[in-house]
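Here is a short briefing on one protein chain. Look at the fold as a whole before reading the points below.

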Amino acid sequence: MSTITATETSAPLPAPVARPDYRVTGRRVLRSEWAKLWSLRSTWITLGLGLLFLVAFGLIAAAQFKSRINSGHHMDPDFAHSTAVSLSLFGTNFAQLALGVLGVLVTAGEYSTGMIRSTLAAVPRRLPVLWSKSAVFGLVSLAVGTLGAFVAFLFASGIVSGTSAAMTFSHPGVVRSLLGAGLYLGLVGVIGAALGALLRSVAGGISVLVGALMLVPGLISLLPSSWQDDISPYLPSNAGESMFALTHDSTTLSPTAGLVVFVGWTVLALAGAAYRLVRSDA
């Protein structure tokens, strides 16, 4: 009996498909946060409002100054000694609210919608998310604030031309003040983002932001004068204001000292946000 042995030739296994290497890098996290920021309609609206507040209120202040000068009406001593810089930056307090609130929304908004879980699943190390959100929105706020400050001064200086407040870009300290205002607004945006990540609540973050920048200085005025002189210059809003003030006295910080103090407040807010982000679940 003969046995016929069939030799089966097995087909070769398909070569494994090469998969792209999807590594989480700082650059990719930044690009992701940049895309998320500009995909929201609230970003365009709020940034537009911040720019509008900064320019519009500066022009209104300059127009009021020119009107009172021409009419000969009595002016408050502080308003009478205004300069083109102080008038053009009159809207900074209003612009800081718009940019600070948007900063809170950038981080706390993801917690309210639950999107933060997807974000942290994609970036397990967590902290790069906070650094990227803060950096992206801080730079956007810096650009908007600086643009608004220069545009407001350009038009306000033309309005008050020929008065005691008249100044040009060539006057000492003008460019430094305008750049300081833009930097201040940029850091306010970072603080807003940090508060949103720290408190994880839009309402809570906005409340703390408004309280720190606007309400606390008013409460400090109720303290004895000796205490006010020691505490007031180091408050976030007062330290920030010294960054772009054209003149200084013994009760205010120098521009450099104001910058150092305000950066310190910013770092403190970011440190609190980073600690909670690492230590607690989303």
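Helices α7 and α8 (174–199) each supply at least two residues of a nonpolar surface patch. The model is predicted: local features need pLDDT of at least 70, side-chain atom pairs count only at pLDDT 80 or more, and totals for chains, interfaces and linings use all residues. Residues are numbered from 1 along each chain as its sequence is written, and side-chain values use heavy atoms, with hydrogens and water left out.

**The nonpolar patch**

- The patch is made by Leu 154, Phe 155, Phe 169, Val 175 and Leu 179, and its area is about 440 Å².
- Patches are made of residues with over 30% relative accessible area and no salt bridge; like charges are joined within 9 Å, and nonpolar side chains (Val, Leu, Ile, Met, Phe, Trp, Tyr) within 5 Å.
- Accessible areas come from the Shrake-Rupley method with a 1.4 Å probe, and for residues only the protein chains shown count as cover.
- Phe 155 lies in helix α7 and is partly exposed, with a relative accessible area of 47%.

**Helix α8**

- Of the 26 residues of α8, 20 are buried, so this helix is largely enclosed by the rest of the structure.
- At 1.5 Å a residue, the 26 residues of α8 should span 38 Å, and the 37 Å between its end C-alpha atoms agrees with that.
- The expected span of a helix is 1.5 Å times one less than its number of residues.
- Arg 200 follows α8 and has a positive phi, near 55°.

**The chain as a whole**

- The chain has 12 helices and zero strands.
- Helices (H or I, at least four residues) and strands (E, at least two) are DSSP runs, numbered from the N terminus.
- Of the 282 residues of the chain, 40% count as buried.

**Salt bridges**

- The structure holds four salt bridges; a salt bridge is a side-chain nitrogen of Lys or Arg within 4 Å of a carboxyl oxygen of Asp or Glu.
- Glu 33, Lys 36, Glu 110 and Lys 133 are linked in a network of such bridges.
- Glu 33 and Lys 36 are joined by their side chains, with N and O 3.1 Å apart.
- These two residues, Glu 33 and Lys 36, sit three residues apart in helix α1 (residues 26–38), which separates them by about one helical turn.
- An α-helix has 3.6 residues a turn, so residues three or four places apart point the same way.
- Glu 33 is buried at 6% relative accessible area, and Lys 36 counts as buried at 16%.
- Lys 36 also forms a salt bridge with Glu 110, where the closest N and O atoms are 2.9 Å apart.
- Because Glu 110 lies in helix α5 (residues 92–113) and Lys 36 in helix α1, this pair ties together parts that are 74 residues apart in sequence.
- Glu 110 meets Lys 133 in a further salt bridge, at 2.4 Å from N to O.
- Lys 133 lies in helix α7 (residues 127–159) and Glu 110 in helix α5, so this pair ties together parts that are 23 residues apart in sequence.
- Lys 133 is buried at 5% relative accessibility, and Glu 110 is buried with a relative accessible area of 7%.

**Other contacts**

- Gln 96 lies in helix α5 and counts as buried at 1% relative accessibility.
- The side chain of Gln 96 makes a polar contact with the side chain of Tyr 184 at 2.4 Å.
- A polar contact is a pair of N or O atoms within 3.5 Å; within protein, one must be able to donate a hydrogen and the other to accept it, and residues adjacent in sequence count only if both atoms are side-chain atoms.
- Ser 86 lies in helix α4 (residues 84–88) and is partly exposed at 37% relative accessibility.
- A polar atom of the Ser 86 side chain lies 2.9 Å from the backbone nitrogen of Thr 83.
- Ser 86 and Ala 245 are 159 residues apart along the chain, yet their C-alpha atoms are separated by 7.4 Å.

Terms used. Buried means under 20% relative accessible area, exposed over 50%, partly exposed in between (1.4 Å probe, protein chains only).
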